[in-house]
There are 2 protein chains.
Amino acid sequence: MAKIKDVAAAAGVSPSTVSRVLCNGPVSDKVRKRVEDAMRKLDYRPNMAARRLRSQHTDTIGLIVSDIRNPFFTAVSRAVEDEAYRNGMRVILCNTDENPDKEAMYLRLMQEERVTGVIFAPTRQTVASLDPVALGFPVVMIDRASRDVITDAVVLDNRRAAAALVDHLLAQGYRDIAGVFGNTSSTGMERHAGFVEAMQLAGLPAPAQFVAPSVEAAEQAVRTMLAAPQRPRALVVSNGVLMLGAVRALKSAGLQWPQDVALAGFDNDVWTELLGDGLTVIEQPVGEIGRAAMAMLLERLDDPERSPRIVVLQGKLLARGSSAPAG
Amino acid sequence: MAKIKDVAAAAGVSPSTVSRVLCNGPVSDKVRKRVEDAMRKLDYRPNMAARRLRSQHTDTIGLIVSDIRNPFFTAVSRAVEDEAYRNGMRVILCNTDENPDKEAMYLRLMQEERVTGVIFAPTRQTVASLDPVALGFPVVMIDRASRDVITDAVVLDNRRAAAALVDHLLAQGYRDIAGVFGNTSSTGMERHAGFVEAMQLAGLPAPAQFVAPSVEAAEQAVRTMLAAPQRPRALVVSNGVLMLGAVRALKSAGLQWPQDVALAGFDNDVWTELLGDGLTVIEQPVGEIGRAAMAMLLERLDDPERSPRIVVLQGKLLARGSSAPAG
DNA sequence: ACAAAAAGTGGGATCGATTTCAATTGATAA
DNA sequence: TTATCAATTGAAATCGATCCCACTTTTTGT
């Protein structure tokens, strides 16, 4: 494969000049054209490794999410990638499966790649022990954040969103409401807090279950909840993955929504609007989350000293059939 | 950030020796331990750019898919990534949106990154003009392949799968069957061919529509099909994304399946089993596709000379409620 | 027309690792 | 004890680009 020296020779200039053409340095139009012709003729492709080594900047950001199969994260990733690309940056995408070991491994990988910055949706465990300074690059958290560690972050107003679901169910006439929350993310905790707050405000108990963030775990948990002597009349479910489990549990128990159990949850995944008269959900501004995270990262790179900030975005309640009045 | 020289100094050895520790070269246990201690103390992270430049191998493969939001591709990606990781390789994931310009751009990117190989789901347009030799790295195609260009590939037996859907619908008593296929991929073409073949074998006409591979395009197309004077009694739909559009069209037209229109398609996306009594689909062996592609790529790297082969995997018909007998 | 400033170009060091080759050490056998 | 050989180690070249500095050419101002 042709290298810069070959191009230089072919164009009758020095390697320095070829490099200047590559980097839009000061080159006369005549020479630039000669060099570009040579590049085309030799089918030259700059070697990124060499470029990054010498220039000491990679123009690459890391995006570490817990599960790319979760439509929430695919949508956010998509937005991050588009935005990154528009700013001349590449993205390295990583899946952690909510596994702290994998998180540590990928953070180390990011260091080895000398990424410019990282956008990260960490588990509670990792978020507690994270030292962004030691990492050597700025980190913007998404979806999840910690109250203690101060980092840039883009999150949903989870308490309010969860409370909105509860208020909606209450307004529809439901009282006996139970919650299902993920146990690995701060998000699950926040949503639980909002759930409890709103229920207490209404003077109601707030029974809740915490489960591993998988369809199977949720299905199992909901199945037992539904089999209990006094089963709840409505369910608030903490995210799209768990909601899928809840729906499966209801179906396999032969229960209908909202007739037998009302449903309300998070994430406007494509299928939620197709089930019966639709599932009531909080729609997250996924595109905005991705774009905001990328924007924050760029600002941080611009000014490493500015104080960390947290962008809190609001969800949007989509009231659909699964939470229709008890009738 | 510490470099190899610093580690060498701290451990009282030469940089060469540190490098040998890094690469599992011949080093005495005593020295190895000293070096490893020094690395830990300095929090050393090898610089991948430098390593790749010098060693001339990146241990990185490219994975170019058309849409990471399509569950088929997310699932395949996941399998590829896991398999790659198990073989000590990194993956660069790219989205093309079925856009040939983006495909060209990402192929160029792969060259600049000097990837070891690429797994690629190309559009028909690109597949026709692809010259794997000129690219400089081996390419394994997934999901799609060309009859002309000879490359390693992993594909579904699309004709047979489509025919299986038709046969199933025929067995259930349906005759008036129409098809909806994507117009950018060879896959759509193959499935169409299988559809036509099976219909002709039954002595039936095979009306078909080709649409852009988006939910909206499919919804629009199906909506007009359903509004036509003699609307089909059953629909064969070429993939999960289009199926989503078809379902939306049916719902908005107030039609039920299978009572008004029977449905059968591809991709066992999570939601397909939740809709009514489930959607009849061909389940693709997504994990196997990803693993097979990665395996083929490794074999090809092992032996660049061996003749190209195509792995054809079989889909599995999941007969569900949407194709129940006409009653 | 001449000095000063600006623009364009080339030479050579450099980024941080690996790799080749030579040197040294230690172990083994005669 | 000494020659031989394998196992370790170090010195220096190298990967392919960028970047600093010096030099030449052109432009500008007076």
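Which residue in strand 2 of chain B does B:Ile61 stand opposite? The residue is B:Val91.

Before I go on, the conventions. This is a predicted model, in which local features need pLDDT of at least 70, side-chain atom pairs count only at pLDDT 80 or more, and totals for chains, interfaces and linings use all residues. Residues are numbered from 1 along each chain as its sequence is written, chains are lettered from A and ligands numbered from 1 in the order in which they are written, and side-chain values use heavy atoms, with hydrogens and water left out.

Back to chain B. Helices (H or I, at least four residues) and strands (E, at least two) are DSSP runs, numbered from the N terminus. Strand 1, residues 60-65, pairs with strand 2 in the parallel sense over six bridges; pairing requires at least two DSSP bridges between the strands. With helix 5, residues 71-86, these two strands of chain B make a right-handed β-α-β unit. Right-handed here means that, with the strands pointing away from the viewer, the path from the first strand over the helix to the second runs clockwise.

Strand 2 of chain B covers residues 90-95, and six of its six residues are buried, that is, under 20% relative accessible area with a 1.4 Å probe, protein chains only. In a regular strand the side chains alternate between the two faces of the sheet. Here B:Arg90, B:Ile92 and B:Cys94 point one way, and B:Val91, B:Leu93 and B:Asn95 the other.

Next, DNA strand D. It is surrounded by 27 residues, the closest being A:Lys3, A:Ile4, A:Ser19, B:Arg20 and B:Arg54; near means a heavy atom within 4 Å. Of the DNA strand D atoms that come within 4 Å of the protein, sugar and phosphate account for 59%. Helix 4 of chain A gives the most, with five residues.

Now the individual atom pairs, using N or O atoms within 3.5 Å as a polar contact. A side-chain N or O atom of A:Arg54 is 2.8 Å from a base oxygen of DNA strand D. For A:Ser16, the side-chain N or O atom is 3.5 Å from a base nitrogen. B:Ser28 uses a backbone N or O atom, 3.0 Å from a phosphate oxygen.

Last, A:Thr123, in the loop between strand 3 (117-120) and helix 7 (124-128) of chain A. A:Thr123 counts as buried because its relative accessibility is 3%.

Methods:
Buried means under 20% relative accessible area, exposed over 50%, partly exposed in between (1.4 Å probe, protein chains only). A polar contact is a pair of N or O atoms within 3.5 Å; within protein, one must be able to donate a hydrogen and the other to accept it, and residues adjacent in sequence count only if both atoms are side-chain atoms.
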